[in-house]
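Look at the model below before reading on. The text then takes its parts in turn.

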Amino acid sequence: MTEMTFAARVAATGLTPKPEDLPKLEALVKDMDRAAAALLHGPRSYAEEPMSVFRLPTP
Amino acid sequence: MDLHYLTIAQAAALIRTGKLSPVELTRAFLDRIRALDAQLNAYLLPLEDTALADAKRAEAEIAAGNYKGPLHGIPIGLKDIYNTAGVRTTGHSAVFKDHVPTEDAFTVTLLRQAGAVILGKLSTWEFAIGGASFDLPWPPARNPWNTAQDPGGSSSGSGAAVASGLAMAAMGTDTGGSIRGPASWCGIAGLKPTYGYLSRRGILPLSFSLDHAGPMCWTVEDCALMMQVLAKHDPLDAASATVPPVDFVGALGGNLAGVRIGVPRHFFESDVTCEPDVLAAFNQSVTVFRALGASVQDVTLPHLGRFTDINSLITAAEAYAIHREWLQKTPELYGERGRLRMMAGAFVSAGDYINAQRERTRLVQEVASVMTGCDLLIMPTRQMVAPVLGGYDSSVGPSLTPPFNMTGYPALSLCNGFSATGLPISLQIAGRPFQDHIVLQAGDAFEKATAFRTARPALAATALAAE
């Protein structure tokens with residue numbers, strides 16, 4: 001599978017950033033991609049119930 | 001008497017006994033805003049007429065024997081993402097430049113019910129994200145300790161106004177450090193309460209699961225006075241907690257004997273590095289806490305970068321969910337910094353977002369486990385003092401505030417020194433959920449054992465001499 005270019009990824013979002021925005025946006029996205037990839041290396045069991053809701057216990 | 005430098009506690013004592021008029025107090029602040037704010041840009045919209053009307057009403061109520069409590073007649077500013085009925089609420093953005101809400105935010109209603117005087121709407125980073133920007137309809141706030149420097153953000157106007165005596169207190173919000181950052185660089189006290197303690201209803205959202213409202217004041221004691229009014233259950237905010245009332249003010253005082261304090265030293269000695277002045281001030285603060293009777297020992301938490309990464313992913317994804325339509329249709333109305341940070345959220349996949357929330361829950365469990373052995377955590381709030389205005393990029397590298405947005409635990413920033421260049425340095429105190437009163441108790445004890453509340457910005461001192 002070929003990797004999508006950043007321009008193609010932008011087009012897929014429906015966003016139309018200014019051409020001069022693209023390098024800065026790409027740097028931000030690259031950092032997000034790194035952070036997301038790092039998530040997969042945590043000591044977490046994938047058998048657990050997904051936790052997409054955040055709640056704190058009350059005293 | 002310098003009315004604009006009174007704390008809430010001091011002013012309330014005078015107002016309650018009829019020695020200070022809320023009208024006189026409010027006029028002093030309005031005069032000062034008129035004289036000084038062109039240098040600071042703390043206010044987007046001062047509310048002279050309605051503030052004076054609020055003050056006259058407070059004065060009449062008090063004269064009639066209906067004193068409501070310590071915020072009655074106290075002049076307070078609001079970050080301009082707090083909705084105010086009939087008054088423009090812009091988020092410091094052209095996107096919302098004509099946005100006039102029909103209702104007050106729940107917290108604003110509570111302040112009004114307590115008799116507070118709303119002085120005006122304060123500068124912020126655009127929609128509380130990005131950084132100080134020069135491409136918005138209004139200029140960014142400046143740091144009163146040195147107007148060439150950044151006041152921090154996103155509650156930039158709140159920090160600048162309180163430090164310079166342009167508001168006795170202010171409301172801020174905090175998604176990754178936006179109360180504690182400006183509290184740090186402006187040398188004031190700012191509390192990010194436990195998630196769910198303060199209602200978010202009527203505050204322009206940035207990140208539904210990370211946004212916190214909170215008070216910003218000159219002293220920790222004043223933050224406690226504000227919390228006494230603000231910590232109320234809101235049945236219309238799904239995250240609002242139902243907890244028994246706490247006497248935040250009554251918890252202040254006394255020593256810290258028996259309090260166990262943990263120091264995640266790796267956060268600021270290896271995960272990131274601090275400026276030498278910041279580290280020296282922190283180590284001196286440890287000595288103060290020990291002298292107050294607390295035990296202090298190092299603890300180990302997950303790597304700071306882990307918290308910051310997850311905070312960034314969740315913030316970007318949730319902010320994009322909120323702003324998607326405007327970012328697609330009218331991106332030109334945003335400033336560059338806010339636009340790019342929120343557009344980046346379009347690239348966070350649903351799977352990445354859900355995994356970030358799962359990892360967040362695991363990190364909460366890890367922090368909770370460490371905190372079975374200690375009551376509080378302390379560390380610097382920011383690893384550096386205020387940089388040049390516009391030079392700070394909140395998206396670059398780990399910082400010391402997101403762990404407590406991630407966990408939802410309460411965290412307080414307060415001044416613990418000054419750099420060789422005369423800029424404030426700060427300490428962060430975090431506690432267990434809904435033990436905000438213990439965090440405030442420790443902060444108040446620290447403030448009263450040290451002398452960092454005696455200095456005010458030179459800008460204010462200069463202006464004072466001219467008045």
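The paragraphs below go from a sheet in one chain to the contact between two chains, and then to single residues.

Keep in mind that this is a predicted model. Start with chain B, which holds an open sheet of eleven strands. Counted across the sheet, the strands come in the order 1-3-2-4-6-5-10-11-9-7-8, and their pairing is mixed. Which strands form the edges? They are strand 1 (43-46) and strand 8 (295-298) of chain B, and each of these pairs on one side only. From one strand to the next, the sheet twists by 30° on average.

One end of this sheet can be followed in detail. Strand 1 of chain B is joined by three bridges to strand 3 (residues 117-122) of chain B, and the two run antiparallel. Within this pair, B:Gly120 of strand 3 is the residue that B:Pro46 stands opposite. A helix also packs on the sheet here: helix 2 (residues 22-40) of chain B touches strand 1, strand 2 (75-79) and strand 3 of chain B. The direction of this helix makes about 20° with that of strand 3 of chain B.

Now turn to the place where the two chains meet. How many residues does each chain give to the contact? Chain A gives 37 residues and chain B gives 43 residues. Between them, chain A and chain B bury an area of about 3300 Å², and carbon and sulfur atoms account for 67% of it.

Charged and polar pairs also cross this interface. There are three salt bridges between chain A and chain B. One of them links the side chains of A:Asp21 and B:Arg339, with N and O 2.9 Å apart. Five residue pairs are in polar contact across the interface. On the side of chain A that touches chain B, helix 1 (6-13) and helix 2 (22-39) of chain A are the elements that give two or more residues. Helix 2 of chain A provides the largest share, eleven residues. By type, the residues on that side of chain A divide into 21 nonpolar, eight polar and eight charged.

Another arginine to find is B:Arg265, in helix 8 (residues 265-271) of chain B. The side chain of B:Arg265 makes a polar contact of 3.4 Å with the side chain of B:Asp298. Leaving aside neighbours within four places in sequence, the residues in contact with B:Arg265 include B:Phe282, B:Asn283 and B:Val299.

Two details of the backbone remain. Most residues other than glycine have a negative phi, and most peptide bonds are trans. Where does chain B depart from this? A cis peptide bond, with omega about 15°, joins B:Gly153 and B:Ser154. B:Ser154 is in the loop between strand 3 and helix 5 (156-163) of chain B. B:His92 has a positive phi, near 60°, although this residue is not a glycine. The place of B:His92 is in the loop between strand 2 and helix 4 (106-113) of chain B.

Definitions and conventions
Residues numbered from 1 in each chain as written. Chains lettered and ligands numbered in written order. Predicted model: local features only at pLDDT ≥ 70, side-chain atom pairs only at ≥ 80, totals over all residues. Heavy atoms only, no water. Pairing = 2+ DSSP bridges. Helix = DSSP H or I, 4+ residues; strand = E, 2+ residues; numbered from the N terminus. Axes fitted to C-alpha atoms, helices over the stretch in contact; angles between N-to-C directions. Contact = heavy atoms within 4.5 Å. Buried area = accessible area lost by both parts, 1.4 Å probe. Salt bridge = Lys/Arg side-chain N within 4 Å of Asp/Glu carboxyl O. Polar contact = N/O pair within 3.5 Å; in protein donor to acceptor, adjacent residues only side chain to side chain. Nonpolar A, V, L, I, M, F, W, Y, C, P; charged D, E, K, R; others polar.
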